[in-house]
Amino acid sequence: MELNVMGQSSGGGCSSSGCGSTDNQMSQLPDHIREKVHNHPCYSEDAHHYFARMHVAVAPACNIQCHYCNRKYDCANESRPGVVSELLTPDQAVKKVKAVAATIPQMTVLGIAGPGDPLANPERTFSTFRQLSEQAPDIKLCVSTNGLALPDAVDELAKHNIDHVTITINCVDPEIGAKIYPWIYWNNKRIRGKKAAKILIEQQQKGLEMLIARGILVKVNSVLIPGVNDEHLKEVSKVVKSKGAFLHNVMPLIAEAEHGTFYGVMGQRSPEPEELQDLQDACAGDMNMMRHCRQCRADAVGLLGEDRGEEFTMDKIEMMDIDYSAAMEKRAVIHAAIKEELEEKQAKKARLAGMSVPSASGGVSTKHYRAVLMAVATSGGGVINQHFGHAKEFLVYEASTNGVRFISHRKVDQYCVGNDTCGEKESALSGSIRALKGCEAVLCSKIGFEPWGQLEEAGIHPNGEHAMEPIEEAIMAVYQEMIAAGKLDEAPATKMLG
Ligand code: CLF
Ligand code: SF4
């Protein structure tokens with residue numbers, strides 16, 4: 001069995017916060033693993049500020065039914081509901097990938113994640129991978145699956161140098177599985193209930209073990225379904241960690257009646273952000289958690305959280321003249337520069353983790369203070385570089401005497417694009433204030449007078465003083481200012497978060 005890198009590193013450093021492969025963990029990883037994750041935006045939280053991914057929608061069919069999925073919509077394993085704009089043939093997909101890679105050199109990973117299950121469409125999926133591994137060898141290949149057909153596909157995945165596989169595992173107990181999956185299609189038959197769930201679980205576990213045995217990094221995605229598998233996911237985390245999975249990504253169920261899914265129509269609720277965070281924290285004791293997932297569409301393009309798909313429709317791509325050899329040279333130079341910047345930032349973060357908070361008398365404090373949540377507006381690069389009113393999402397971090405850790409992202413409507421006369425601005429601002437619930441400060445490059453006042457009234461302190469500074473450093477600086485100003489109560493160590 002391959003070295004369980006997460007198990008190895010979970011005892012110390014940033015891993016105690018359980019927030020994905022971050023700076024300290026990265027430095028503890030063996031070189032060959034670090035090489036695999038350093039520029040993968042999903043497998044490394046740090047990398048997601050710099051590197052982009054893209055998905056090609058080549059896989060329409062699925063071999064199971066999940067209660068949170070409607071076939072008209074993207075696969076909920078890896079994407080938020082929303083129709084795929086264009087279903088592509090493998091040849092079209094290859095063209096599109098090369099066009100995107102030449103235009104967005106930061107795009108390092110190509111994933112196939114739907115709109116159905118990639119391994120239920122093996123010819124289309126593997127034809128795409130085969131062509132790309134030959135024609136664009138500088139792009140990492142990634143796939144996401146429900147796992148039913150995985151054991152039969154492992155050899156083929158290994159053959160194409162696919163180093164990253166995501167399996168969506170929502171349960172390891174068929175009783176619970178029967179409440180999530182009404183049926184599977186197996187050996188040319190539709191099988192229902194507990195029997196179906198048992199087969200699916202066995203295939204997922206077998207596939208996981210086979211991938212680990214071949215040294216392929218496995219991320220496990222789980223959809224948190226309140227009242228169905230919420231408590232059970234801690235067990236799932238334990239099981240997949242014990243088998244050597246690299247990362248666990250617990251994602252919130254998206255269930256809206258208008259999506260026409262079983263859960264949506266039946267009124268199954270989605271989890272609150274606090275429930276998600278509590279479960280992620282509970283699982284983090286056993287396993288490293290991904291917290292920066294954006295539940296992307298099956299045809300997403302760009303940094304996580306942004307979607308540039310509109311720039312790369314097939315009609316536009318047909319007009320492009322791509323010299324991929326030249327593009328690869330340019331990409332290599334840019335990747336090397338980003339790598340250097342990222343390593344510098346990680347070294348700084350590591351120093352920051354050892355930073356002490358000041359005491360009232362100016363010396364070093366041995367006291368513990370309560371943790372504080374702060375939101376950040378960023379458009380990438382790991383720095384505070386976005387105007388409050390331009391943000392479509394805020395990243396939420398927790399500062400404590402243990403350091404700074406990433407918690408989650410919160411989506412908002414852009415305040416600055418709203419129409420004043422229709423009250424859109426006002427409603428976007430109140431939406432942002434609601435989304436930032438629990439945060440005590442919001443750090444951005446600039447902010448207008450109007451939102452400033454309303455945020456302050458809501459107890460969220462706006463701060464534009466750290467524009468262009470690295471996120472973690474700026475947050476620690478604000479936290480230290482809060483302590484120095486006597487704004488934080490001392491907390492018993494046992495009550496500390498983080
Ligand atoms: Fe795509 Fe998934 Fe590969 Fe990433 S996404 S196939 S591992 S390249 Fe990433 Fe998107 Fe979350 Fe998926 S943010 S939904 S975890
Ligand atoms: Fe839908 Fe994906 Fe589940 Fe298939 S595996 S039913 S496409 S969510």
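**Note on side-chain contacts in a predicted model**

1. Arginine 308 and glutamate 311 join their side chains in a salt bridge, 2.9 Å from N to O. The term covers a side-chain nitrogen of Lys or Arg within 4 Å of a carboxyl oxygen of Asp or Glu. Arginine 308 is partly exposed, at 25% relative accessible area. Glutamate 311 is partly exposed too, at 38%. (Buried means under 20% relative accessible area, exposed over 50%, partly exposed in between, with a 1.4 Å probe and protein chains only.) Elsewhere, Asp281, Arg291, Glu398 and Arg405 are joined into one network by salt bridges that share partners.

2. A word on the basis. This is a predicted model, in which local features need pLDDT of at least 70 and side-chain atom pairs count only at pLDDT 80 or more, while totals for chains, interfaces and linings use all residues. Residues are numbered from 1 along each chain as its sequence is written, and side-chain values use heavy atoms, with hydrogens and water left out.

3. The structure holds 19 salt bridges. One of them links lysine 198 to glutamate 202, at 3.0 Å from N to O. These two residues sit 4 apart in helix H8 (residues 193-213), so about one helical turn separates them. (Helices are DSSP runs of H or I, at least four residues, numbered from the N terminus.) Lysine 198 is partly exposed at 45%; glutamate 202 is partly exposed at 43%.

4. Glutamate 275 pairs with arginine 269 in another salt bridge, with the closest N and O atoms 2.8 Å apart. Glutamate 275 has 27% relative accessibility, and arginine 269 has 44%.

5. Aromatic pairs number 5. The rule: rings of Phe, Tyr and Trp (its six-membered ring) pair if their centres lie within 6.5 Å; planes under 30 degrees apart are stacked, over 60 edge-to-face, the rest tilted. Phenylalanine 262 and tyrosine 263 make a tilted pair, 6.1 Å between centres and 55° between planes. Tyrosine 263 is buried, at 4%. Phenylalanine 262 is partly exposed, at 42%.

6. Phenylalanine 262 also belongs to a nonpolar surface patch with Val265 and Met266, about 320 Å² of accessible area together. (Patch residues have over 30% relative accessible area and no salt bridge; nonpolar side chains are joined within 5 Å, like charges within 9 Å.) Valine 265 lies in helix H10 (residues 262-266) and is exposed, at 54%.

7. (The cut-off is two cysteine sulfur atoms within 2.5 Å.) Cysteine 283 is buried at 1%, and cysteine 444 is buried at 0%.

Definitions and conventions
Chains lettered and ligands numbered in written order. Areas by Shrake-Rupley, 256 points an atom, 1.4 Å probe, with all protein chains shown as cover.
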